[in-house]
Amino acid sequence: MKKRGRRLLHRLFGVIAGAIAFTAFQAAGIAGNTASLSSLNAGAAAVLDAEPEDAPESASDHSDSKHTKKDSDKTESSDEDDSEKSNLVMANVKDAVNVREEADENSDKVGKLYNDCGGEILERRNGWTKLKSGNLVGWTKDDYLVFGKEAEEMAEDVGNLVATIQTDSLRVRKEPTEDAGVYGLLSKNEEVEAIEVIDDDWVSVNYEGDVGYIATEYAKVEFMIDSGETMEEIKIREKKEKEEKAKATQQRAIEAAAEQAPLINENLGAVQAATAEDVLLAALIQCEAGNQPYEGQLAVGAVVMNRVRSGGYPNTISEVIYASGQFPPARNGAVERKIEKGVKASCLQAAQEAISGVSNVGTATHFRRAGNHDGIVVGSHVFW
């Protein structure tokens, strides 16, 4: 993230209650909020609770903790002083931690805060923090949270700047000038990844794998991190996932019977794909890397398929693509619009090759614009 982008990020942290927009899919049948890629498969998430007999005294002692707490010799009061500088709190677990109604381990659970999830600090006392994360409000032990500068660093690593279009139609230009060429158009309320705030007039964005520029006057730029789920949201998500899995299984059985042929062989990493999932994957590839060389398109497809095979994510292509907080084009309707218009032949070919098991980025399950993370660089993206 460039210098101006970092300044914007720090300002957003300073007013976290009003500026952080948590990427939460709501309870209207959409797959619920997730905090990290590893926690998308709720059934596999080992939910942590701060029980003395089977949990460490602090998250810094826990082998599952992704970030080790620093300056352990500081007192709780100094931690609270540090957190006062920022209203941000982040989960410090591998999978998830319970959020309770009261600051008591025997209190009822009101939801779960997943790895890479963040929230707003409402109150702190006796080693517990009351937080708000999306629709989730409750208490979590400090052992499984990080605060202050460490929380900001974690959020900066896992979050994204997102630009939301505020006008009916907005041109994406090739340079930050009004007379520059145009890549395409963005519709009202469409969300795109913001790369850098160039100046008061322009912000650079990721447009199908290219760096484009939009006028800041017509876009709202926010820093987004994932939020936790209430128990009700978890029930709704799990019910929807179960229904979709049953529907996909039934559809595969119908197709197999109609063709009088066995299901697709999954050897060499091939994955059984439901009807039109190759087109769905191709549409996502086009949104993320449509202007990239074929190798870059294949790499994006491989990331999706690596998640399907990993066991740490949903086990179908559609569930991975529409999982909460993962792929903005799936959330903002861009994928559906690509499908309606027809996907590029190269993107469809890349999707089909990825489904067959081909990967040019190993077992990578993440990618972003190259330059701000270590990994395998393919075209304009880095994969890890």
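Across the whole structure, a search turns up eleven salt bridges, each counted when a side-chain nitrogen of Lys or Arg sits within 4 Å of a carboxyl oxygen of Asp or Glu. This is a predicted model, where local features need pLDDT of at least 70, side-chain atom pairs count only at pLDDT 80 or more, and totals for chains, interfaces and linings use all residues. Residues are numbered from 1 along each chain as its sequence is written, and side-chain values use heavy atoms, with hydrogens and water left out.

**Salt bridges**

- Arginine 124 and aspartate 142 pair up through their side chains, at 3.0 Å from N to O.
- Arginine 124 belongs to strand β5 (residues 118–125) and aspartate 142 to the loop between β7 (136–141) and β8 (145–147), so this pair ties together parts that are 18 residues apart in sequence. Helices (H or I, at least four residues) and strands (E, at least two) are DSSP runs, numbered from the N terminus.
- Both partners are tucked away: arginine 124 is buried at 16% relative accessible area, and aspartate 142 is buried at 8%. Here buried means under 20% relative accessible area, exposed over 50%, and partly exposed in between (1.4 Å probe, protein chains only).
- Glutamate 229 bridges to arginine 237, with the closest N and O atoms 2.8 Å apart. Glutamate 229 counts as buried at 0% relative accessibility, and arginine 237 counts as buried at 2%.
- Arginine 237 also has a salt bridge with glutamate 241, where the closest N and O atoms are 3.4 Å apart. Arginine 237 and glutamate 241 both lie in helix α5 (residues 231–259), four residues apart, or about one turn of the helix.
- Glu105, Lys141 and Asp143 are joined in a salt-bridge network.

**Surface charge**

- Glu101, Glu102, Asp104 and Asp108 make up a patch of negative charge on the surface.
- Patch members need over 30% relative accessible area and no salt bridge; like charges are joined within 9 Å, and nonpolar side chains (Val, Leu, Ile, Met, Phe, Trp, Tyr) within 5 Å.
- Lys and Arg count as positive and Asp and Glu as negative, while His and the chain ends are not counted. A charge is placed at NZ of Lys, CZ of Arg, CG of Asp or CD of Glu.
- One of the patch residues, aspartate 104, sits in the loop between β3 (96–100) and β4 (109–114). Aspartate 104 is partly exposed, with a relative accessible area of 37%.

**Positive phi angles**

- Most residues other than glycine have a negative phi.
- Asparagine 189 has a positive phi, near 70°. You'll find asparagine 189 in the loop between β11 (182–187) and β12 (191–197), where asparagine 189 is exposed at 53% relative accessible area.
- Glutamate 208 has a positive phi too, near 55°, and lies in the loop between β13 (202–207) and β14 (210–215). Glutamate 208 is buried, with a relative accessible area of 10%.

**Cysteines**

- The disulfide count comes to zero, taking a disulfide as a pair of cysteine sulfur atoms within 2.5 Å.
- Cysteine 347 is in no disulfide: the nearest cysteine sulfur belongs to cysteine 287, 8.9 Å away.
- Cysteine 347 is buried at 0% relative accessible area.
- Cysteine 117 counts as buried as well, at 0% relative accessibility.

Note on methods: Areas by Shrake-Rupley, 256 points an atom, 1.4 Å probe, with all protein chains shown as cover.
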